[in-house]
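Here is a short report for a first look.

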Amino acid sequence: MHPAPVDRLIAELGKLPGIGRRTAQRLAFHILRSSDEDAFALATAIREVKERIGLCETCFNLAEGPTCAICSDPRRSRELICVVEEPQDVIPIERTGEYRGLYHVLGGALSPIDGIDPDDLRIDELVRRVEAGEIEEVVIATNPTTTGEATAHHIGERLRDRVTLTRLASGLPVGADLEHADEVTLGRALTGRRSV
Amino acid sequence: MPGSFKTEGVVLRSIRYGEADRILHLYTAERGRVNAIAKGSRRPRSRFGGRLEPFFRLDLMLHEGRSELCTVTGAATVDGYPALRADGDAIDAAARGCDAVLRLLDSAEPNRAAYGLLCRYLALLDRGAGADGADAAGADRHAVGLAFRLKLLLASGFAPELGSCARCGEREGIVSFSGAAGGVVCGSCEASGFPVSAEAHRFMAAAIGGPIAELPPVSEPARRQVDRAIGDTLAHHAHVNLRAVA
Ligand SMILES: [Zn+2]
Ligand SMILES: [Zn+2]
């Protein structure tokens, strides 16, 4: 229907998550109408992330070069590792400003139903980091979902008695209504209550 | 026909979708397998809270539109199985059980026996959760997982023949199990099967015939034979490959 390069662009955009054929077509025409400058900036940005960004050899966070900015920061505490599922989970923890240690990105969560077993995650690499000696505490910050909990339990088994293990507290989100809280969350919030 | 309906259901699987939604694979009492979208359910202020996570047993209100996906419009907890969620091995067993349901029961036909069985299995895992000591508790959980699968075979119409040789009908001298024959086989018909002990045979019969909470004790080698018998039955008759119990 369209000239071949336009069809190719629509096909490529259509591969993005959440983008259907109609949206892909709309985006393609938007790019066609936009200035050369804007369109080339987009193309360059895509090329750059693919060429320059890889995974940190130590913690598997996103990195420009072999080591990520956090692992190479001398001010970070080396005795503390926070374990997360995906690189995007590092950002919210950094934004709290409460955490000064290092990270370990697993690359997902255990899910037998999806065929994701311990070997598919970077758990052996975590165990090796702990065995190397410097680490005193591992904070497990996998999601409070069923797969995240399964992953936390598995890591707990692997690292028990080798290091201090902690898990992010789970409870009610700030701004939520008690009325809508599920019973499991509310039960945990009660167990983990604090004095005021 | 578009409209809303109520049903009880268990969340088998929950997939993150878009910015804040989830797609749920449900096994329901009234409609069998149902897929549904829960819009906005990943927002912290969602009225669904955390109750759309796998293994929650819920009273659901679902809206059926023109798309293949229903929309979740209401969900109240029947049981959240909190103890199960605090035990890694129990989570694993529950996930593998839900996987078996997903693979074996894919129709929108209600199957009350299968639904009841799934709820009983989750309740048993919840009750047995937290019991430390891999040995006795682990063996028990493995046996219960096998019994659950055998009963699921029965509920989905794939139960193996256990009373007599599946080839010739002989009641005595059962020595093997054959997925191709559809059950246990005698010494003269054993060609296509693998050996099963009297213990494994007794366990399968008890698991299919009796309550899941009253299983006879069963040794590790016998459990492995039962696992293989379940796998072979499914591979031959339902054309599905189940993930092992453990
Ligand atoms: Zn790093
Ligand atoms: Zn025979």
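Helix H5 (residues 123-131) and helix H6 (residues 146-159) of chain A pack at about 40 degrees, with their axes 11 Å apart. Axes are lines fitted to C-alpha atoms, for helices over the stretch in contact, and angles run from 0 to 180 degrees between N-to-C directions. H5(A) and H6(A) are therefore oblique to each other; angles under 35 degrees count as roughly parallel, over 145 as roughly antiparallel, 65 to 115 as roughly perpendicular and the rest as oblique.

This is a predicted model: local features need pLDDT of at least 70, side-chain atom pairs count only at pLDDT 80 or more, and totals for chains, interfaces and linings use all residues. Residues are numbered from 1 along each chain as its sequence is written, while chains are lettered from A and ligands numbered from 1 in the order in which they are written.

The residues that meet (C-beta atoms, placed from the backbone, within 7 Å) are these:

| Helix | Residues in the contact |
|---|---|
| H5(A) | Ile123(A), Leu126(A), Val127(A), Val130(A) |
| H6(A) | Ile155(A), Arg158(A), Leu159(A) |

Chain A has 7 helices and 6 strands. Helices (H or I, at least four residues) and strands (E, at least two) are DSSP runs, numbered from the N terminus. Their order along the sequence is α-α-α-β-β-β-α-β-α-β-α-β-α.

The C-alpha trace of chain A spans about 65 × 45 × 35 Å along its principal axes. Of the contacts in chain A with a separation of 6 or more, 49% join residues 24 or more positions apart.

Chain A also touches chain B. The contact takes 21 residues from chain A and 23 residues from chain B. H2(B) gives the largest share of chain B's side, 7 residues.

Notes. Contact = placed C-beta atoms within 7 Å.
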